[in-house]
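Trainee: Please take me closely through one part of this model, the pockets, beginning from the sheet.

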Amino acid sequence: MKKYKVGIIGATGMVGQRFALLLENHPWFEVTVLAASARSAGKTYGETVKGRWHMSAELPDKYKNMVVVDADNVDEVVSKVDFCFCAVNMKKDEIKALEDRYAKAECPIVSNNSAHRFTDDVPMVVPEINADHIKVIDDQRKRLGTKRGFVAVKSNCSLQSYVPAIHPLKELGVDKVLACTYQAISGAGKTFDTWPEMIDNVIPYIGGEEEKSEQEPLKIWGSIQDGKIVKTDDISITSQCIRVPVSDGHTAAVFMSFKDGVKKPTAEEIINIWENYKGRAQELDLPSAPKNFIHYFTEPDHPQIKSERNLENGMAVSVGRLRPDTQYDYKFVCMSHNTLRGAAGGAVLLAELLCAEGYMD
């Protein structure tokens, strides 16, 4: 595999910092541009993140003296990269416009942002679930008038705790899901130092999160029709999303039912399906892919945030407590690392998929 030159747009934010760490020694990707807002441009990355480096690991030496580029200077960034990751903190319409500018300048964008998630020819991909959706890029390029440029996005971070567990069971007839997510403060770009109000607190509202949790999976499970991704209508999801005093890691309590008239699998059969499930990322043996996508825990008090969130470099999904329910057919709990599997790590894995399938060439 050739070495790709990559940029991080929005490099100074929490997800941008996570990208920087993940890409420090990546076998396929070499960071050649760190881009951010005009107020950071011209300073070294070390100067820019001083006092607001949110990662537990130290800032790598290789980035300290890199001069930050203005993300709005598209031509300068594009001249130095093969593609870019994007994790900017801007209004949604501004993000759309910026990502489109890069795509039209023939720079592929792998986005952590939500702005393009419901653009119907932009693939929103979890590589183990709907890798085939990247084919819609051919139609997107026709719309944009590009040869290389496109936008691809990863889904909302909380989905990646429970959608992977539901996905292998869908073909058995799961048609109704209730998911209550308990989400870490890093999902809001915060730490306990910057958000002390969250210590010893629970906030039962995260703006826009429930709509994302209920609608984004329908696109992920959708199909490409006439150059657009059409949402599935064979499953319904309702959710509640709650902010909890946890640094990293989103947990979900999930209830699911199967269609009337289908033979419902036993708990043992479900666990066996989870433990043996592999997706395209595992078939291609992508560098960031977990060897086992879903890990099932038999202990009644697992999975736990502290012991399981970094499983397989934070890229695995942990599931436990599967049991029959009195109103739904089954219930279980699950958990994933929201800034690794759910954010920057998921985007890096998507970029690896796009490279392996030839979309970055």
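Mentor: The bridge partner of G7 in β2 is V33. This is a predicted model, in which local features need pLDDT of at least 70 and side-chain atom pairs count only at pLDDT 80 or more, while totals for chains, interfaces and linings use all residues. Residues are numbered from 1 along each chain as its sequence is written, and side-chain values use heavy atoms, with hydrogens and water left out.

Strand β1 (residues 4-9) pairs in the parallel sense with β2 (residues 29-36) over six bridges, where strands are DSSP runs of E, at least two residues, helices are runs of H or I, at least four, both numbered from the N terminus, and pairing takes at least two DSSP bridges. Both strands belong to an open sheet of six, ordered β3-β2-β1-β4-β5-β6 with parallel pairing, whose edge strands, β3 (69-70) and β6 (151-153), each pair on one side only.

Of its 44 lining residues, V15, A87, V88, N89 and N113 lie nearest the centre. Two or more lining residues come from each of α1 (14-22), α5 (92-104), α8 (209-220) and α12 (340-356), and α1 gives the largest share, four residues.

Definitions and conventions
1 Å grid on protein atoms, 1.4 Å probe; cavity = no way out; pocket = protein on both sides within 12 Å on 5 of 7 lines; lining within 4 Å.
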